[in-house]
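Here is a friendly walk through one chain, from its overall form down to single side chains. Please keep the sequence and the model open as you read.

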Amino acid sequence: MTASETRPPASLRWASALVLFCGLVLFFDIGGELHMAYLYPQSLNLFVWFHLGLELAASLGLGLAFVLLRLNTRRAIRTSEHESQLMRMLRSDFDRFLHQRFRHWGLSQAETDIALLTLRGLKISEIAEIRNTREGTIKSQLSTIFRKSGVHSRTAFV
């Protein structure tokens, strides 16, 4: 797993930083206003207290938003990592199942390669190009694969 897969996207990191910055600015603004109120207590009135209360509530709200944003980001990263690990396990199990099926059908290595490329959705011309052979050869091998697997068409095989 790369470092970029375990870090939150840049937009979430910037959003977290912005929320934290705004909360800190507001918090220090409150501190400055309280300091001024301490120096000039006669300037305190009901409006000033109401204003400070609102700023304090907004500052605490931004702090809570920052914490929730970080927690949810971490949870999303853990979930994503778990799902990626699960997908790798499922892919491995599916590959093991396919190879087991191919052995049961008695497919040769070349037929196994062609069967896998067919299951991945490649066209006959693309498979021929990858295998550096003619399309007719691929068609012939696909017919053999279909016969061995007990189906009559590419759609049924897939």
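## Salt bridges and their surroundings

Asp 113 has a relative accessible area of 27%, so it counts as partly exposed, a class lying between buried (under 20% relative accessible area) and exposed (over 50%), with a 1.4 Å probe and protein chains only. Before going further, note that this is a predicted model, in which local features need pLDDT of at least 70 and side-chain atom pairs count only at pLDDT 80 or more, while totals for chains, interfaces and linings use all residues. Residues are numbered from 1 along each chain as its sequence is written, and side-chain values use heavy atoms, with hydrogens and water left out.

The side chain of Asp 113 meets that of Arg 131 in a salt bridge, 3.3 Å from N to O. This pair links distant parts of the chain, with Asp 113 in helix H4 and Arg 131 in helix H5 (residues 124-131), 18 residues apart. Arg 131 is also partly exposed, because its relative accessible area is 30%.

How many salt bridges does the structure hold? There are three, where the term stands for a side-chain nitrogen of Lys or Arg within 4 Å of a carboxyl oxygen of Asp or Glu. In general, side chains of opposite charge can pair when their charged atoms come close.

| Salt bridge | N to O distance |
|---|---|
| Arg 96 and Asp 93 | 2.4 Å |
| Lys 148 and Glu 111 | 2.9 Å |
| Asp 113 and Arg 131 | 3.3 Å |

Lys 148 and Glu 111 form a salt bridge. They too sit in distant parts of the chain, Lys 148 in helix H6 (residues 135-149) and Glu 111 in helix H4 (residues 109-119), 37 residues apart. Glu 111 counts as buried because its relative accessibility is 9%, whereas Lys 148 is partly exposed at 28%.

Arg 96 and Asp 93 both belong to helix H3, three residues apart, or about one turn of the helix. An α-helix has 3.6 residues a turn, so residues three or four places apart point the same way. Asp 93 is partly exposed, with 39% relative accessibility.

## The chain as a whole

The chain has seven helices and zero strands; both kinds of element are DSSP runs numbered from the N terminus, helices being H or I with at least four residues and strands E with at least two. Its radius of gyration is 32 Å, well over the 15 Å that the globule rule gives for 158 residues, so the chain is more spread out than a compact globule. That radius is taken over C-alpha atoms, and the rule is 2.2 Å times the number of residues to the power 0.38. Along its principal axes, the C-alpha trace spans about 95 × 25 × 25 Å. Buried residues make up 22% of the 158 residues.

## Helix H3

Helix H3 (residues 46-105) has 60 residues and should span 88 Å at 1.5 Å a residue; its end C-alpha atoms are 86 Å apart, which agrees. The expected span is 1.5 Å times one less than the number of residues. At the start of H3, a side-chain oxygen of Asn 45 comes to within 3.0 Å of the backbone nitrogen of Phe 47. Just after H3, Gly 106 has a positive phi of about 80°.

Among the buried residues of H3 are Leu 52, Thr 73 and Phe 102. Ser 16, in helix H2 (residues 10-39), is buried because its relative accessible area is 3%. Leaving aside neighbours within four places in sequence, Ser 16 is in contact (heavy atoms within 4.5 Å) with Phe 66, Leu 69 and Arg 70.

## The core and the loops

Which residues touch the most other members of the largest nonpolar core? Among its 16 residues, they are Phe 102, Ile 145 and Phe 157. Such a core is a set of buried Ala, Val, Leu, Ile, Met, Phe, Trp, Tyr and Cys residues joined through side-chain atoms within 4.5 Å. The buried residues of H4 pack against H3, H5, H6 and helix H7 (154-157).

Just after H4, Gly 121 takes a positive phi of about 95°. Asn 132, in the loop between H5 and H6, has a phi near 55°, a positive value in a residue other than glycine. Most residues other than glycine have a negative phi. Asn 132 is exposed, with a relative accessible area of 73%.

Conventions
Polar contact = N/O pair within 3.5 Å; in protein donor to acceptor, adjacent residues only side chain to side chain.
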